[in-house]
Amino acid sequence: MAGSLAHLGAGIGMGIGALGTGLGIGIAAAKAAEGTARQPEASGMIRTTMLIAAALIEAIALYTLVIAILLMSKP
Amino acid sequence: MEPAAHATSNGGMIDILSIMHAEETKKIIKLPEILGVDLSITPPVVTLIIATLLICSLFYIGSKRKELVPHGIHVVVESIVLFTKETFVLDMIGRQGLHWWPFITALFIFILFNNILGLIPGMATPTSNINVTATLAIIVFLSVHVQGVVKHGAIKYLRGFVPSGIPGFMAPILGPFFFILELILHVFKPFALSIRLFANMFAGHVVLLSFIGLILMYKSYLIAIFPLALTIAIMALEIFFKMLQAYIFAILTSLYLSDAIHGGH
């Protein structure tokens, strides 16, 4: 019973983590597109900044993944 | 068929974690244990050694002949080195950080080679092992704080943890509070750094193995086409992510070093 609940928790937790991270990266990409459209000559710098921000946000989903894997390894 | 032996352990589902664990801890050369540490050569260690040899030979051949107009491997080495100088050292730290240039270049190249070599079938990715990334993060942590203490002196560096401008009567209460907060933040940084790299590399392998696992689950040649096509697409994406993670690790290192050199706040 406890093992099944741990597996359920891993799935739900990963889903919520992915939801927040997806929203975050979406906002970052939207703002980057907006900035590039407004000022095309700054596109290189905007892309670099966006990639760094996206990788930092993505890491939060990966922390959730680590927790999910820890939960999954429970028998 | 080795992976199929693990496959039925979870009621028909593929047990991805145990397959990965079995692949990573397979002993190629058996060596004795010293002080509880197993010194056996496992696939990640082989990749580490190959990566180190590749980097050493690349840089040795590339920098052997000093010409005004470079060609061949010299161009590759020079462009890598100038790229790290521009983006990591000069843009993030400034001229005072130029003595960290070799360190950041070594870190970037080492992580990049280890990440990319893991994509070759049959080789393990050392950076998808938490011990390797934790070691790298501890090296970064120590160098950041040693740099801070050498630059400012121990007392002044530790005082820099407390923000200036706290009103006089509040200082005895808020000062220690901010100091402990900043201390926790500094201790947490290497954890975040190591888990970020480890989880990114590990997640890539889990996704790839999940798609391959579909073939093992359905055992049909018709179904096998789609996972294989998806695997190739994800492999291409993985190359990009692996380069990006090496870049992120190096740029965060230079950010922390910049904080230590310029006194933080």
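Met92(B) lies in helix α4 of chain B. Helices here are DSSP runs of H or I with at least four residues, numbered from the N terminus. The model is predicted: local features need pLDDT of at least 70, side-chain atom pairs count only at pLDDT 80 or more, and totals for chains, interfaces and linings use all residues. Residues are numbered from 1 along each chain as its sequence is written, chains are lettered from A and ligands numbered from 1 in the order written, and side-chain values use heavy atoms, without hydrogens and water.

Met92(B) counts as partly exposed because its relative accessibility is 25%; buried means under 20% relative accessible area, exposed over 50%, partly exposed in between, with a 1.4 Å probe and protein chains only. Beyond its neighbours within four places in sequence, Met92(B) is in contact (heavy atoms within 4.5 Å) with Thr87(B), Ile251(B), Ser254(B), Leu255(B) and Ser258(B).

Move on to the loop between α4 and α5 of chain B, where Trp100(B) is found. Trp100(B) is buried, at 13% relative accessible area. Its C-alpha is separated by 8.5 Å from that of Ser254(B), 154 residues away along the chain. Not counting residues up to four places away in sequence, Trp100(B) touches Ser143(B), Gln147(B), Leu257(B) and Ile261(B).

Now the helix pairs. Two packed helices are described by the angle between their axes and the distance between the axes. Axes are lines fitted to C-alpha atoms, for helices over the stretch in contact, and angles run from 0 to 180 degrees between N-to-C directions.

Start with α4(B), residues 73-93, and α5(B), residues 101-117: their axes come within 10 Å and cross at roughly 120 degrees. That angle makes α4(B) oblique to α5(B). Angles under 35 degrees count as roughly parallel, over 145 as roughly antiparallel, 65 to 115 as roughly perpendicular and the rest as oblique. The crossing is right-handed: the near helix is turned clockwise from the far one by less than a right angle. Among the contact residues are Phe88(B) of α4(B) and Ile104(B) and Phe108(B) of α5(B). The contact of α4(B) with α5(B) divides into 10 nonpolar, two polar and one charged. Ala, Val, Leu, Ile, Met, Phe, Trp, Tyr, Cys and Pro count as nonpolar, Asp, Glu, Lys and Arg as charged, the others, Gly among them, as polar.

α3(B) also packs on α5(B), at about 125 degrees with the axes 9 Å apart. This pair is oblique, and its crossing is right-handed.

α6(B) and α8(B) come within 8 Å, axis to axis, and cross at roughly 145 degrees. This crossing is right-handed too. Val140(B) in α6(B) and Leu193(B) in α8(B) are among the residues that meet.

Finally, the core. A nonpolar core is a set of buried Ala, Val, Leu, Ile, Met, Phe, Trp, Tyr and Cys residues joined through side-chain atoms within 4.5 Å. The largest has 40 residues, and those with the most contacts inside it include Phe88(B), Ile104(B), Val140(B) and Phe249(B). α9(B) gives the most, with 12 residues. Leaving aside neighbours within four places in sequence, Val140(B) is in contact with Phe103(B), Leu107(B), Leu193(B), Phe249(B), Thr253(B) and Tyr256(B). Another core, of eight residues, lies apart; Leu65(A) and Met20(B) are among its members.

Terms used. Helices (H or I, at least four residues) and strands (E, at least two) are DSSP runs, numbered from the N terminus.
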